[in-house]
Amino acid sequence: MLVIAIALALPAGLRVIVNNVGSVSGSWQGAADFSVYLAEDVGDERAAALADEIRARDDVADVTLIDREQALADFRARSGFGAALDALEHNPLPHTLVVRPAGGASGSVEALAQALSADPAVHLVQLDTEWVARLRAILELTSRVVDVVTVLLGLGVVLVIGNTIRLEINNRSVEIEVMKLVGGSDGFIRRPFLYLGFWYGLGGALVAALLIAAALALLRSPAAALAALYGSDFRLAGLSASQAALLLGGGALLGWAGAGLATARHLRAIEPR
Amino acid sequence: MIRFEHVHKRYPNGKDALRGISFSLERGEMAFLTGPSGAGKSTLLKLITLIEKPSRGTVLVNNQNTSRVSRRRIPRFRQRIGVVFQDHKLLYDRSVFDNVALPLVIGGLGPREIARRVRAALDQVGLLGRERHAPITLSTGEQQRVGIARAVASRPDVVVADEPTGNLDPELSLEIMRLFERFNEVGVTMLIATHDLDLISRMSHRRLRIVDGQVAADVPAGEAGHDWEAGD
C-alpha cells in the first residue's frame, strides 16, 4: 500500500510544485511590461512629453513615468546602498518609462520596442519579458517531464497492484477451484479481485494525498517566509479539489486495471483437476 | 441423462484412462460406479463435469455434447450438475451457510430465495441449525453432508459423487448413501463412484464396473453382483 502511495504521491507532488511555480510566474506572464530607459540628458519635461507621446500610441495600453529622483529614493530605500549612493555626486539613474503594451502578441511587443528605441531620447529598451518567457519554457518542459514520470509511475502502480493480486490469487487458488467446480463464471470469480485492486488503488491514492498534504504543511511556513522576503503574498497551494479527485480516481482506476491484468493472466491457470 | 458413446480418454502423458466406454444413465436413475483404483472412475466423472474432454467418442449430459461446450459456457453447464467430492472441497473461511449458498449466489438468485433454499438443503442433510458454524468445527461426516447440501442446493438434474464415503466409517457411509437415495427418490439422477462394495451390496441399485478403462460389468438394479466383482 505504501509503495502504491509513494508511486502516486511522486507525480502528484511534482505536479503541485510545477503548479505553484507556474502560479508564481503566472503573475508576471500577463504583465508584459517593459522598461524604457531614457538618455541621461533628457530632462523632466521632455520625459513627461515622451510618456504622453508613447501613451497615445495604439499599441500601448499605459505608460508610467518613474522619475529619476523617485527611482533613486526607491533604490536607496530598498537596496541598502544608501551610504554608497550618498557618495555619488549626482544621480546616476535616468528617467524610466514603464510601458504596458496593448494586446498580447509578443511579436508586436518586439516591434513596439524597436520603434521606441529609434527615438534619440531613448537610451535602452529592456524587455523584461524575456526571462519570463524562458521560465515559462522551462516550466513547460518540466511539466512534460512530470507527464512522462506520471505515466511511468502509473504503470508501476499497475504492476505493483497486479503483483499483489497475483499473490492473492495464488493464496486463494483452492477457493477459485471450488468456485469453478460449482459453475462460477470467470466474471464472477474475477469480481472480488477487481474490487480488491480498486480498493488498493483508492487506498494508495488516499495515502498519497495525505503524504502530499503533510509535505505541503511542512513547506508552507518556510515558503511563506521566502515569499515575504520578496515582498510577495504568495501562498503555497495544495491539491485542488479536482486534482484530489483526479488523484483518487486515477489511483482507483490504476488499481482496477492492475487487478484486471492479473486476473486475466492468472485466473485461467487455475482449473479443477 | 448421461450417455457415453465409445469414449476414449488419453492424457497428455500418454496414459489411456478410458478405452471405449459406452453406457447410458436414464433420467432419475441411480447407479454406482465401481472398479479398482486407477480403473478410470475419476476420469469418467471428470468427463461428465467437463473438467476433461474426451479424446475420442461422445459424452452427452442433458442431451448436450460436452465436446461442443465452449470454455465460456462451461460455468453454465456445471451449474446444472451437482458434484460431491471425497475431500468435500468446502471453503473453510466461510460459514456452512455461505458454502451451501455458493452455487446459488453464482446462479444469481436473490438473497431471500438463497436463504430459503440453503435452509431447505441443510434440512435435507440434517444440518439445519448449524448454518452459522464454521465447517472446520464439524465432523468429517457432517462436512460431507455440507458438501452434499451444496451439491443439491441449486436443484440440479444430476448429481455425481466421487468416493463420497472414502473417509467415513461404515455407519456414516451408509447414512450418506441413504441420503443420496432420498434425493434420487425425488427424481435426481445419481452416479456415485465408490469402491465400498460391502456397502453397495446392501443397496439395490445399478452397478457399473470399470476395469482398465473399459466397462467390465453392468449389473441392473435388483440383481445380485457377481463373485468376480469383489476383490477391488
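## Domains, chain contact and strand pairing

Chain A of this predicted model is divided into two parts: domain 1 covers 2–28 + 132–269, and domain 2 covers 34–127. The C-alpha centres of domain 1 of chain A and domain 2 of chain A are 50 Å apart.

Where chains A and B meet, 10 residues of chain A are in contact with 12 residues of chain B. On the chain A side, helix H7 (residues 173–181) gives the most, with three residues. The residues of that side of chain A comprise five nonpolar, three polar and two charged.

In chain B, strand E4 (residues 56–61) pairs with strand E1 (residues 2–10) and with strand E5 (residues 64–65). The table lists both pairings.

| Strands | Sense | Bridges | A bridge pair |
|---|---|---|---|
| E1(B) and E4(B) | antiparallel | five | Phe4(B) and Val59(B) |
| E4(B) and E5(B) | antiparallel | two | Leu60(B) and Asn65(B) |

The hairpin of E4(B) and E5(B) has two residues between the strands, and Asn62(B) takes a positive phi near 55° there.

Leu18(B) belongs to strand E2 (residues 16–25) of chain B. Leu18(B) counts as buried because 28 other C-beta atoms lie within 10 Å, and the cut-off for buried is 20 or more. Leaving out residues up to four places away in sequence, Leu18(B) touches Val7(B), His8(B), Lys9(B), Gly40(B), Thr43(B), Leu44(B) and Gly213(B). Val100(B), 82 residues from Leu18(B) in sequence, is 33 Å from Leu18(B) in space, C-alpha to C-alpha.

How values were computed:
Residues numbered from 1 in each chain as written. Chains lettered and ligands numbered in written order. Predicted model: local features only at pLDDT ≥ 70, side-chain atom pairs only at ≥ 80, totals over all residues. Domains from an automatic or database assignment. Contact = placed C-beta atoms within 7 Å. Helix = DSSP H or I, 4+ residues; strand = E, 2+ residues; numbered from the N terminus. Nonpolar A, V, L, I, M, F, W, Y, C, P; charged D, E, K, R; others polar. Buried ≥ 20, exposed ≤ 12 C-beta atoms within 10 Å, placed from the backbone. Pairing = 2+ DSSP bridges.
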